[in-house]
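Please open the model in a viewer and keep the sequence panel beside it.

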Amino acid sequence: MELTSGRTAPRVPEYGKGVFKQLLLWADKARNRQLRAGTTIDIRMYDRIAIEAVVNKRVGKVDFYLDHELVYTGNSAPYFLYRDTNEILLYWDNKTVDREVTLGVEANDELMQVTLLFKQ
């Protein structure tokens with residue numbers, strides 16, 4: 001991942017500290033669980049999933065990365081990355097399903113990332 005603001009290493013805080021409070025999985029418009037590294041999540045039963053970046057303080061934007069590639073920038077809270085082929089644009093594709101994926105969020109020069117597996 002290319003780091004902003006001339007940083008040479010990401011600043012990755014613990015959950016609940018710094019900019020990011022937590023990363024949440026939403027499934028069919030209901031909060032499902034907090035995302036943790038190494039988790040496997042079966043998404044076969046859901047039509048729509050989203051990742052919410054919950055922040056502790058005001059930020060101007062949240063950048064979402066999949067496998068270290070910028071895929072979406074949320075400019076207003078709440079900050080969501082969606083996966084849904086019927087209702088809204090597809091912000092990530094099936095290549096991220098059935099294999100480990102690194103999900104990253106960045107705001108105010110702070111990066112948080114988790115590696116997990118979405119099973120379909």
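Predicted model: local features only at pLDDT ≥ 70, side-chain atom pairs only at ≥ 80, totals over all residues.

**The whole chain**

The protein holds nine strands and zero helices, so that the cartoon reads β-β-β-β-β-β-β-β-β along the sequence. Of its 120 residues, 41% count as buried. If contacts are drawn between residues at least 6 apart in sequence, 58% of them join residues at least 24 apart.

**The four-stranded sheet**

Return to the cartoon and colour the strands β2, β1, β4 and β7. In that order they form an open sheet of four strands with antiparallel pairing. Its edge strands are β2 (30-34) and β7 (79-83), each of which pairs on one side only. Neighbouring strands of this sheet are turned against each other by 30° on average, direction ignored.

Now select residues 20-27, which make up strand β1. Four bridges join β1 to β2, and the two run antiparallel. Two pairs may be displayed here: Leu-25 stands opposite Arg-33 in β2, and Ala-27 stands opposite Ala-30 in β2.

Which residue takes a positive phi in the hairpin of β1 and β2? Select Asp-28, found in the loop between the two strands. The hairpin has two residues between its strands, and the phi of Asp-28 is near 50°. This is a positive value in a residue other than glycine. Asp-28 is partly exposed, with a relative accessible area of 36%.

Zoom in on residues 62-66, strand β5. Over five bridges, β5 pairs with β6 in the antiparallel sense. Show Phe-64 and its bridge partner in β6, Tyr-72.

At 44% relative accessibility, Thr-40 counts as partly exposed. Beyond its neighbours within four places in sequence, Thr-40 is in contact with Arg-33, Leu-117 and Lys-119. A distance may also be drawn from Thr-40 to Arg-99: the two are 59 residues apart in sequence, and 9.6 Å separates their C-alpha atoms.

**The nonpolar core**

Which residues have the most contacts inside the largest nonpolar core? Select Leu-35, Val-62 and Phe-118. The core they belong to has 26 residues. The elements that give two or more residues to it are β1, β4 (49-55), β5, β7, β8 (100-107) and β9 (110-119).

Keep Phe-118 selected and display its surroundings. With neighbours within four places in sequence left aside, its contacts include Leu-25, Ile-41, Ile-43, Ile-49, Ile-51 and Val-101. Thr-96, Val-97, Asp-98 and Arg-99 are also among the contacts of Phe-118.

**A threonine in β8**

Move to Thr-102, which lies in strand β8. Is this residue buried or exposed? Thr-102 has a relative accessible area of 13% and therefore counts as buried, the limit being under 20%. Its side chain is joined to that of Thr-115 by a polar contact of 3.0 Å. Residues up to four places away in sequence not counted, Thr-102 touches Tyr-65, Leu-66, Asp-67 and His-68, together with Gln-113, Val-114 and Thr-115.

Select Ala-77 and Pro-78 and inspect the bond between them. This peptide bond is cis, with omega near -5°. Pro-78 is placed in the loop between β6 and β7.

Finish at Asp-98, in the loop between β7 and β8. Its phi is near 65°, a positive value in a residue other than glycine. Asp-98 is partly exposed, with a relative accessible area of 46%, and is among the residues that Phe-118 contacts.

How values were computed. Residues numbered from 1 in each chain as written. Heavy atoms only, no water. Buried < 20%, exposed > 50% of the residue type's maximum accessible area, 1.4 Å probe, protein only. Contact = heavy atoms within 4.5 Å. Pairing = 2+ DSSP bridges. Axes fitted to C-alpha atoms, helices over the stretch in contact; angles between N-to-C directions. Core = buried A, V, L, I, M, F, W, Y, C linked by side-chain atoms within 4.5 Å. Polar contact = N/O pair within 3.5 Å; in protein donor to acceptor, adjacent residues only side chain to side chain.
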